[in-house]
Amino acid sequence: MPNRLETEKAFHNEAFARGIRKPLDRYYSIFSSVRADFLLRLKELAKDTVVLECGCGINSYAGELQGIASDLTGIDISDEAVRQSEKLAMESGAKNCRFLIMDAENLKFDNNSLGLLFGVGIIHHLDLNAFFDEAARVLTPDGSMLFMEPLGHNPLLNIYRRLTPKYRTPDEHPLLIKDLGLINRFFSRTTIRYYFFFALLAVPFRNSIFFSGLLKLLNKADRLFFRWIPFARYLAWYCIIEAHGPKKEQV
């Protein structure tokens, strides 16, 4: 029987080769705000830094970090992802970057060798204790990590997830409150920003002329909602996790 890593690798090889998750793109049509915030912070943290992109997939951020990061390595458990990322980097003329097949729970990097770890939609596939332990080990004492991840408390989203199992792996686990709290065991300072509650209502209008204005309004409603009612943050669909100061006593 395949183990968890083999199952994840097989699923993502097929997904990247055949595009089996394409039907989900309609939901990602509302991602402009979170992508912009994530990219802005990523560029700030990556400046003149040795960077590791975890779960690079086939849409690596290597091109966005050209001339910003001093060095970038992208890793993925999927050899198909690494193959496509290498091809894209070569075609675009990207420099100071490489792509490796690697398990993020078992990083092949020296202690204190990286300034930043980042990724999108990756750590909810991982054993969090194992990954955060590895992250704290390989990061420099002033290093950081930045991730954009789905959350797992919204009951309507969870119903949709149960109804569409073919779009996800059996072991992935959108993050819960206890998972976010676990980060504090491994890092000294953590900031989490939450996205998408009311904004999900814009998805059916993604092809309309008023989509952009509607999405902007609903994103503003979300920001106010999460600010005024803190416990509602866990009903969000996605969050950006930023953590600094790895606790070296953990490793």
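View 1. Starting at the N terminus, the elements follow one another as α-α-β-β-α-β-β-α-β-α-α-β-α-β. That gives seven helices and seven strands, where helices (H or I, at least four residues) and strands (E, at least two) are DSSP runs numbered from the N terminus. The radius of gyration, taken over C-alpha atoms, is 18 Å, close to the 18 Å from the globule rule for 251 residues, so the chain is as compact as a globular protein of that length. The globule rule is 2.2 Å times the number of residues to the power 0.38. This is a predicted model, in which local features need pLDDT of at least 70, side-chain atom pairs count only at pLDDT 80 or more, and totals for chains, interfaces and linings use all residues. Residues are numbered from 1 along each chain as its sequence is written, and side-chain values use heavy atoms, leaving out hydrogens and water.

**View 2. The open sheet.** Here you can follow seven strands in the order β3-β2-β1-β4-β5-β7-β6, with mixed pairing. Two strands pair if DSSP finds at least two bridges between them. At the edges sit β3 (97-101) and β6 (187-195), each pairing on one side only.

**View 3. Strands β1 and β4 side by side.** Residues 50-54 (β1) and residues 114-120 (β4) pair in the parallel sense over three bridges. Look for Glu 53, whose bridge partner in β4 is Phe 118.

**View 4. Buried residues.** Of the 251 residues in the protein chain, 49% count as buried, meaning under 20% relative accessible area with a 1.4 Å probe, protein chains only.

Methods. Buried < 20%, exposed > 50% of the residue type's maximum accessible area, 1.4 Å probe, protein only.
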